[in-house]
Amino acid sequence: MQSNRRVFLKGSLAASAVGIAVGAGLLTPRAVFAAWPEAAFKAKSVADALTAVMGSGAITESADVSVKAPDIAENGAVVPVTVEGKAAAEAVAILVEGNEMPLVCNYALTGAAAYLSTRIKMGKTSNVIGVMKTGGKLLAAKKEVKVTIGGCGG
Amino acid sequence: MAGSIKIRASLSGDMAEVKCLITHPMEPGNRKDKTTGADIAPKFITEISADVGGKTVIAGNMSAAVSKNPYLSFKAPAKAGDKVVVKWTDTTGESDSAEAAIA
């Protein structure tokens, strides 16, 4: 009996150690992607997200940047967005003001033209902001998209 | 996820327009399975980059707010026959890459 109890205790100790390791393991997928700017993507405001990813939250609305998106998106899960800049840009980002976490994507342009087209999810009707970093300045354009069915969560 | 990327690259003048379509669930991790009520684990692409003619022209990060089966289109200077290589990595560490020639 005694020895069985010892074995049982050892076994449960080992199991809990494994449990802790798995718990820690669950966190690693995020830690592995050190390059993924988690703070930027978790930021709750447009300015905070841009500060984390572009170094500044101050955007200037400019006619040199255009955002193409539908006026009404029937399905918020798939909203086609195109951002285009007149001048060459170093980086481009797309944000949605009304989303829980506004930053959708950001790209460093190292040779590609100031142009990006993609499809994004929107939770509700709000502004889509396209940001181009040109000569250290953040030029932006906004476009309101009306969403009939939200595409976040469900 | 081999074969998850489809690339179309067309040349107009000295600019190539590259369109990529990636088959990926882009699961944000905040949804529940409607029948079992279990949480659906997050799985979305976080990093994506593209090389044209051996040089990285665009590289960046995505969040789960990019639609399922992400579409990405960009323009870069290129010439006919240049190779386009697109690579992605997701939150579970899975990755894929594909290449195509500019026609």
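Mentor: Start with A:Glu61, which counts as exposed at 56% relative accessibility (exposed is over 50%, buried under 20% and partly exposed in between, with a 1.4 Å probe and protein chains only). This is a predicted model, where local features need pLDDT of at least 70 and side-chain atom pairs count only at pLDDT 80 or more, while totals for chains, interfaces and linings use all residues. Side-chain values use heavy atoms, with hydrogens and water left out; residues are numbered from 1 along each chain as its sequence is written, and chains are lettered from A and ligands numbered from 1 in the order in which they are written.

The partner of A:Glu61 is A:Lys142, with the closest N and O atoms 3.9 Å apart; a salt bridge here is a side-chain nitrogen of Lys or Arg within 4 Å of a carboxyl oxygen of Asp or Glu. A:Lys142 belongs to strand β9 (residues 137-149) of chain A and A:Glu61 to strand β1 (residues 60-61), so the pair ties together parts 81 residues apart in sequence. Strands are DSSP runs of E, at least two residues, numbered from the N terminus. A:Lys142 itself is partly exposed, at 36%.

Next, A:Asp71 and A:Lys143 form a salt bridge at 2.5 Å, N to O. A:Asp71 is in the loop between β2 (65-68) and β3 (72-75) and A:Lys143 in strand β9, so this pair ties together parts 72 residues apart. A:Asp71 is exposed at 56%, whereas A:Lys143 is buried at 18%.

Over in chain B, B:Lys43 and B:Asp90 meet at 2.8 Å, N to O, and both are buried.

Methods. Helix = DSSP H or I, 4+ residues; strand = E, 2+ residues; numbered from the N terminus.
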